[in-house]
Amino acid sequence: MAVVNPHQFFDLPAESPDTLPYFHAVLGDGQLFRYVESERESANTAVERFFAGYFGKEAAVAVANGTVGLRLSLQAAGVKPGDRVLVSAYSFIACAMAVASVGAVPVPMDMDTALTVDAAALKAAEGPVAAVMVVHVQGHAVPVGRVRELCDALGVPLIEDVCQGVGAASPDGRAGALADIAVTSFQQSKQISSGEGGLVAGTADLVERVYRLSDLGAVRHGGGLPDWDDERAVMADNLRLTELQAALVMDQATALDDTLARQRANRARLKEALGSQVTVLDSEHPAGDSGSHTLFVARTASDAQQFCAALKAEDVVARVVWKKTFLEYGVFRQSGLTDELSSQQWPKTAVALGPRILSVPVSKYVPESGVARVAEAVLNHRQHLAREW
Ligand SMILES: Cc1ncc(COP(=O)(O)O)c(C=O)c1O
């Protein structure tokens, strides 16, 4: 029997040519490079305009993936080797790796059990901080208002990692809206997917710097080669997005409101079917969740594994989100970069829950009957789930 809740939120074969006009336009003219040589507007340009608007920023630039987006954002914001960058403790390793890749030190920022960063932890951070990176987890938006105020007081940029949070909102607004720099990903498991891809949104000045860093260091005028004689040219890599990827992103971006409404309806159905027999790990403002994932907390780490295996046997996807904080991985311990961060402070709060946090994705493609099956599978194995934490 087919898995009823695929991890991906974009199912290309399930779509029709009507729902993929950008994609078919690119297939039609064969212009796969972002600098198109036809009358058609570059899909990359359309994506950049859409997301600059979506995140409420002056500009945006499409890049090869979310990790690169984070790294180039840090570089463009002037983060230097040896600088300390606060990063949500419960986050994907790519967040801390992006910091490490510019030679800076990722310092975990504690989070509470609603996966909200603890603003007090930011305030209490020992030593100077060059930037703050808040990560929105599995479609649950972190309310970043207080963090924004503290960043303003410290005079440092706030980067919001919206790779898992496109469309999510907290009482402080849409994920990414309060950031100086919003970064998202279009990787396979993301809300909007082109297999790989990413985007950085921010001020026009910052975005131009990221653009240079992602396109061989210089700006192209009129579609020609970059102007490497420009005194602002820098040595840089090629980290562009292709037109095929951008077209797929644009087709999903134009359908985003409808997608979110369908996902939220499915999530509401799932929660209703679970009723009071199971406790869901909700954000502080569940109505604002994008609805992509429903989270639970297992009784123990071993229960978490057993729950995932039991659901898999019923063809339902459940995953432990992240088992460890980045500090706990060998790659960070061996790097020596984070040695000074005493391990006895970790794990805390949500981070301590880490190996027990379970995620069940339900995409818009899942029919009502599929949602009922997911609910049944969760209920069948609820003995593995904690009622409180
Ligand atoms: C929270 C978070 N940040 C960053 C990334 C990195 O994005 P990418 O895979 O596009 O490099 C991902 C996903 O992979 C993610 O989930």
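Three strands make up an open sheet, in the order S10-S12-S11 and with antiparallel pairing (strands are DSSP runs of E with at least two residues, numbered from the N terminus; two of them pair if DSSP finds at least two bridges between them). S10 (293–297) and S11 (319–320) are the edge strands, each pairing on one side only. S11 meets S12 (residues 357–361) in the antiparallel sense, over 2 bridges, and Arg319 has Ser359 in S12 as its bridge partner.

The model is a predicted one, so to speak of local features takes pLDDT of at least 70 and side-chain atom pairs count only at pLDDT 80 or more, while totals for chains, interfaces and linings use all residues. Residue numbers start from 1 along each chain as its sequence is written.

Now to the two domains. Across the boundary, 31 residues of domain 1 are in contact with 31 residues of domain 2 (contact: C-beta atoms, placed from the backbone, within 7 Å). On the domain 1 side, S3 (105–109) gives the most, with 4 residues. That side divides into 20 nonpolar, 9 polar and 2 charged residues (Ala, Val, Leu, Ile, Met, Phe, Trp, Tyr, Cys and Pro count as nonpolar, Asp, Glu, Lys and Arg as charged, and the others, Gly among them, as polar).

As for the ligand, 14 residues surround it, the closest being Asn65, Gly66, Thr67, Cys163 and Ser185 (C-beta atom, placed from the backbone, within 6 Å). This shell holds 5 nonpolar, 8 polar and 1 charged.
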